[in-house]
Amino acid sequence: MRLTTRMLGAVLATVTLAAAAAATTFAAPASAATLTEVTGFGTNPTNLRMHLYVPDRVVARPAILLALHYCTGSGPAYHSGTQYASLADRYGFVVIYPSVTRGSLCWDVSSPQALRRGGGSDPVGLMSMVDHVRQRYAADPERIFATGTSSGAMMTNVLLGDYPDVFAAGASFAGVPFGCFATGGSSEWNSQCANGQLIRTPQQWGDLVRDAHPGYAGRRPRMQIWHGTNDETLRYPNFGEQVKQWTNVHGLSQTPTYTDTPQSGHTRTRYGSSGPTAPVEAISMQGVSHNLPVDAAQVIRFFGLDGATPPPTTPPPTTTPPTTPPPTDGGCRIGYAVNAWNAGLAASVTITNTGTAAVNGWTLTFALPAGQRLTNGWNAQYSTTSGTVTARNVSYNAAIAPNASVDISFQATHEGGTGKPSTFALNGIACSVA
């Protein structure tokens, strides 16, 4: 992207603030690990450079984090200006810090080649880096993530659209939706998008993502979105447009499931789940400009790399059939398994249709024992966190054929009692409990 003097100052100030946040928030453990440049990593049509940070202690089958710099930046600058390396020291994942070498030092998020899977340009080189690390360090293919600031945030959106089968989640700081910066290849800069004037319906935004990988029917990455209300470079309407896009991709309403204020001036909304690893999480930062700080710890929390068990990514949406009662000739059976620790537990629930007719849409109710409080859940939409809990099907598991099962799970806190609910009801009909 072509940068004005004002924009250049903005992106340079971004890393200054991020570095300040890193210096005051975390004290990194002593480490001998260093940032190392890697060459010959694979197909690289735009001559990107690759720097790699491997902590002294790497967990078995480590996660990979692709950390993408802002315009005029570099991988080493993003390494020194953010906390991701110190968090890698703590949690044992590997961080790739790529660098653009074209004159603008901005990522290509505008050309037709960049906006389709395997089309060429920067995304192909970035995928070569990921593949290299996957093979070299026997990384977990289910835990590959991308994050970035400004131009790097735009590329995060692009990568999650081009390669939804590769990335489990992404985090975008002051970015724009996938496809918003498209220019047909004639220019790197799209003023209409940057100024927040490119407004589309959720379906239109979602279609841009789906068109990047035609025919793909697998799971979609989760997305965390950060934006300042006073962003003067990539203006604030881009925040709402990203929310539209990724909620549509996940088949979700634009109405938040959960809203809170994690700190003064920050409004956080979650879509599809109230828990900390929701399919879409968005943080609006009141009064903050393009020079927003990077809260790396919250990114790692959202990715599930801080010791929490990450949820599965969400499969693509399908039309949810209307709810029908379960069959009465045999009904339903519940299997329940719990894994508990000091003050928490994780429960797996298997719902089996023991009748002879299909269930098309379901609602499961159960009463949590006293002292248990639900904090997060997967493969269902949960309402209430204590007492009687309601779990409703999501788009991809609404139908349960005869003798078939679906699995849901949740996490909860407890006050010493880790027992299971005594009764379960499927669409109002009591189920047997295995």
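Mentor: Bear in mind that the model is predicted. In helix 3, Tyr-84, Leu-87 and Tyr-91 meet Ala-296, Ala-297, Val-299 and Ile-300 of helix 9.

Trainee: What makes the contact of helix 3 with helix 9 nonpolar, polar or charged?

Mentor: Count by class. Seven residues are nonpolar, with no polar and no charged ones. Tyr and Ala both count as nonpolar here.

Trainee: Why are helix 4 and helix 5 described with another word, roughly perpendicular?

Mentor: Helix 4 and helix 5 pack at about 75°. The range for roughly perpendicular is 65 to 115 degrees. The angle falls inside that range, and therefore the term applies. Their axes are 11 Å apart.

Trainee: Which residues make that contact?

Mentor: Helix 4 (residues 121-136) gives Asp-122, Pro-123 and Leu-126. Helix 5 (residues 151-162) gives Met-155, Val-158, Leu-159 and Asp-162. By class there are five nonpolar, no polar and two charged residues. Asp counts as charged, and Pro as nonpolar.

Trainee: What makes a set of residues a nonpolar core?

Mentor: The residues must be buried, of nonpolar kinds such as Leu, Ile and Phe, and joined through side-chain atoms within 4.5 Å. The largest such core here has 53 residues. Leu-66, Ile-96, Leu-126, Leu-159, Phe-167 and Phe-181 have the most contacts inside it. Helix 4 supplies the largest share, six residues.

Trainee: What does Phe-167 touch, leaving out residues up to four places away in sequence?

Mentor: Phe-167 touches Leu-66, Met-127, Ile-144, Phe-145, Ala-146, Leu-159, Leu-160 and Pro-221.

Trainee: How much of the protein counts as buried?

Mentor: Of its 434 residues, 54% do. The cut-off is under 20% relative accessible area.

Trainee: How do you know what share of contacts joins residues 24 or more positions apart?

Mentor: Take the contacts with a separation of 6 or more. Residues 24 or more positions apart account for 73% of them. The protein has nine helices and 22 strands.

Definitions and conventions:
Residues numbered from 1 in each chain as written. Predicted model: local features only at pLDDT ≥ 70, side-chain atom pairs only at ≥ 80, totals over all residues. Heavy atoms only, no water. Buried < 20%, exposed > 50% of the residue type's maximum accessible area, 1.4 Å probe, protein only. Helix = DSSP H or I, 4+ residues; strand = E, 2+ residues; numbered from the N terminus. Contact = heavy atoms within 4.5 Å. Axes fitted to C-alpha atoms, helices over the stretch in contact; angles between N-to-C directions. Parallel < 35°, antiparallel > 145°, perpendicular 65-115°, else oblique.
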